[in-house]
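The following paragraphs lead the reader through a predicted model. They begin with a contact between chains and then turn to the individual chains.

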Amino acid sequence: MDFEAIFGSALRSALGPQAAVYALLAIGLNVHYGYTGLLNFGQVGFMLVGAYGVGISVATFGLPLWVGVIVGLLAGVVLAIILGAPTLRLRADYFAITTIAVAEVLRLLFRSGPARPITGGPFGLQSVANEFYAINPFTRGIRMGPINYTTQVSWSLVVTWGLVALATLLVALLMRSPWGRVLRAIREDEDAARALGKNVFSYKMQSLVLGGVLGSVGGVMFAIAGSTVNADSFRPQITFYAYAILILGGAATRIGPIVGAIIFWFLFSGVQVSVRQMQGSDLLPGFLSGANAVGASALVLMGAALVLLVVFRPQGIFGDPRELKLDA
Amino acid sequence: MPETTPHTMDAIEARPGVSKPDPILTIDGVQRNFGGLRAVDVDHLEIQRGVITALIGPNGAGKTTFFNLLTGFDAPNEGEWTFEGESLGGMPSHQVTRRGMVRTFQLTKALSRLTVMDNMLLGATGQRGEGFLPALFRPGWSQQEADNTARAEDLLTRFKLIDKKDDYAGELSGGQRKLLEMARALMVEPSLVMLDEPMAGVNPALVQSLLGHVTALRDEGMSVIFVEHDMDVVMGISDWVVVLAEGRVIAEGRPSDIMNNDAVIDAYLGSSHDEPTEE
């Protein structure tokens with residue numbers, strides 16, 4: 001077992017562009033779930049429309065990348081409004097069911113055969129971010145201790161983490177304002193907020209749009225970082241990873257989603273590499289040594305780690321333990 | 001308005017649907033059906049400005065449903081009502097509140113994971129910082145926030161919650177939550193306060209203090225409607241009593257009128273004889 005390699009690989013993922021994309025998804029979910037109490041189980045849907053907004057604009061219609069980015073963000077706004085208009089007045093559970101269904105319907109629609117001329121169907125879209133890498137200021141990749149990134153990854157990494165910082169700042173500014181106070185009041189009790197003269201539907205819609213657009217920013221950067229868009233990247237488990245990140249870091253905290261994303265990817269990647277190495281050196285029992293066993297056992301270990309976290313620190317790393325006692 | 005003192009009520013006839021000299025709220029033909037059950041069926045009712053009106057009635061009389069209808073939390077099948085001369089039928093609840101008619105709930109709705117101060121500040125209306133874009137620009141709303149905070153501190157002092165202002169509302173006792181809910185409603189600067197069972201589940205020692213706060217609202221010129229089924233409480237502080245049974249107003253009058261009203265006694269205790277009850 002090469003522990004240095006495991007550590008390096010884990011750290012590489014934890015600080016890489018993918019972790020930053022997940023941080024953006026989790027920041028959006030934090031607005032929905034952490035601050036407003038909206039159970040959005042379809043965050044990946046916002047990521048999908050962001051990514052396809054870039055992909056379709058650039059690869060299918062040959063438009064400039066910046067147009068694609070705007071299309072991706074607008075698609076997030078539109079999806080939030082379409083999703084929210086009929087469901088935000090309903091009880092929380094109907095909203096939750098609708099979101100997960102809509103996200104999955106979008107994925108199946110975008111990967112379907114008839115959509116192929118526009119979305120590339122099951123083959124997806126390639127070379128969507130050439131313009132982004134054409135302006136790459138990095139002449140050599142970032143090196144930090146045991147890890148190093150290529151110039152391309154360095155560029156998308158810096159931009160994506162920069163967006164994470166901006167999104168965190170935006171959400172922090174909003175949540176310390178009276179606007180954020182109304183959202184938190186809605187999370188606690190909608191009727192009380194209504195009785196105090198707040199237009200609950202309007203605030204829930206604003207929250208859904210804001211968090212959704214942050215998810216779409218994640219999708220845009222996901223498309224750019226990978227330079228491809230493929231429908232099967234947007235499976236429902238992405239949403240649940242984002243929830244895991246949020247709960248790990250602490251819901252309704254400012255830096256919870258960032259730290260959560262880093263830790264999640266450190267563990268996720270570290271466990272995967274460890275299992276692969278153990279398999280390589282025949283340390284695994286027979287039933288775990290199949291070709292698909294690495295991914296599966298990594299997920300099992302991840303799940304166990306999250307269970308331990310919820311048992312020993314249910315409020316997340318940055319959450320306030322006082323708040324949990326108040327649910328009675 | 002000096003002429004609308006409680007004494008005005010002395011001249012009013014104790015009869016269901018009687019008209020009042022200066023009504024703040026006028027209800028006409030409001031009906032609410034749940035399937036085959038007519039939960040609320042009020043032909044005509046006026047609520048006098050500047051007095052404490054108690055809404056009483058046995059369990060299931062439709063008191064809370066009536067409250068929900070008036071405040072926009074439920075929609076009637078029929079009927080209309082005007083508040084300060086403006087029709088409120090079909091108006092969403094948050095707009096009802098903004099017009100100065102604020103309610104509390106039978107099951108207290110303290111916003112648990114907000115501090116007591118945040119609970120209070122939420123009640124202030126017309127906050128510039130509650131808009132999405134203005135929220136980002138602190139100087140645009142910080143002065144207003146400071147003014148609201150000062151007003152909230154005054155109210156918290158009056159309701160003896162000032163020491164708790166930085167605690168989570170969920171950490172308060174049941175009685176303190178009732179006080180907080182009332183104080184929070186006052187942040188709206190209402191002209192009509194509707195209290196749904198403000199004394200329910202409050203320990204007897206605190207009941208007196210709550211009653212004092214309710215009468216203080218009237219003395220400051222607000223109109224109060226409160227739901228209660230403890231007769232002793234009602235008789236002690238209300239200027240006018242409206243009795244609801246099976247959704248209908250069966251009696252209204254001064255507390256002394258109500259205590260001797262046969263229809264009311266029948267409604268509470270059941271008819272002991274076979275005479276028809278009065279309408």
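In this predicted model, 24 residues from chain A and 31 residues from chain B make up the contact between the two chains. On the side of chain A that touches chain B, at least two residues each are supplied by α8 (151-175), α9 (178-188), α10 (190-195), α11 (200-226) and α15 (321-324). Of these elements, α9(A) provides the largest share, with 7 residues. Sorted by class, this side of chain A holds 11 nonpolar, 4 polar and 9 charged residues.

Within chain A, attention may turn to a pair of helices. Helix α3 (residues 43-60) and helix α4 (residues 65-87) of chain A have axes that come within 7 Å and cross at roughly 150°. The crossing of α3(A) with α4(A) is right-handed. On the α3(A) side, the residues that meet α4(A) are Gly45(A), Phe46(A), Val49(A), Gly50(A), Ala51(A), Gly53(A), Val54(A), Ser57(A) and Val58(A). Their counterparts in α4(A) include Leu65(A), Gly68(A), Gly72(A), Gly76(A) and Leu79(A). The residues of this helix contact comprise 12 nonpolar and 7 polar, with no charged residue.

Chain B contains 10 helices and 10 strands. Its radius of gyration is 20 Å, close to the 19 Å that the globule rule gives for 279 residues, and chain B is therefore as compact as a globular protein of that length. Along the principal axes, the C-alpha trace of chain B spans about 70 × 40 × 40 Å. Buried residues account for 46% of the 279 residues of chain B. Among contacts in chain B between residues at least 6 apart in sequence, 69% join residues at least 24 apart.

Glu84(B) has a phi near 50°, a positive value in a residue other than glycine, and is found in the loop between β4 (78-83) and β5 (86-87) of chain B. Glu197(B), also not a glycine, has a positive phi of about 50° and lies in the loop between β7 (192-196) and α7 (204-219) of chain B.

Which of the terms buried, partly exposed or exposed applies to Glu84(B), and which to Glu197(B)? Glu84(B) counts as partly exposed because 15 C-beta neighbours lie inside 10 Å. Glu197(B) is buried, because 21 other C-beta atoms lie within 10 Å, and the cut-off for a buried residue is 20 or more.

Definitions and conventions: Residues numbered from 1 in each chain as written. Chains lettered and ligands numbered in written order. Predicted model: local features only at pLDDT ≥ 70, side-chain atom pairs only at ≥ 80, totals over all residues. Axes fitted to C-alpha atoms, helices over the stretch in contact; angles between N-to-C directions. Helix = DSSP H or I, 4+ residues; strand = E, 2+ residues; numbered from the N terminus. Left-handed = near helix turned anticlockwise from the far one by under 90°. Contact = placed C-beta atoms within 7 Å. Nonpolar A, V, L, I, M, F, W, Y, C, P; charged D, E, K, R; others polar. Buried ≥ 20, exposed ≤ 12 C-beta atoms within 10 Å, placed from the backbone. Rg over C-alpha atoms; globule rule 2.2 N^0.38 Å.
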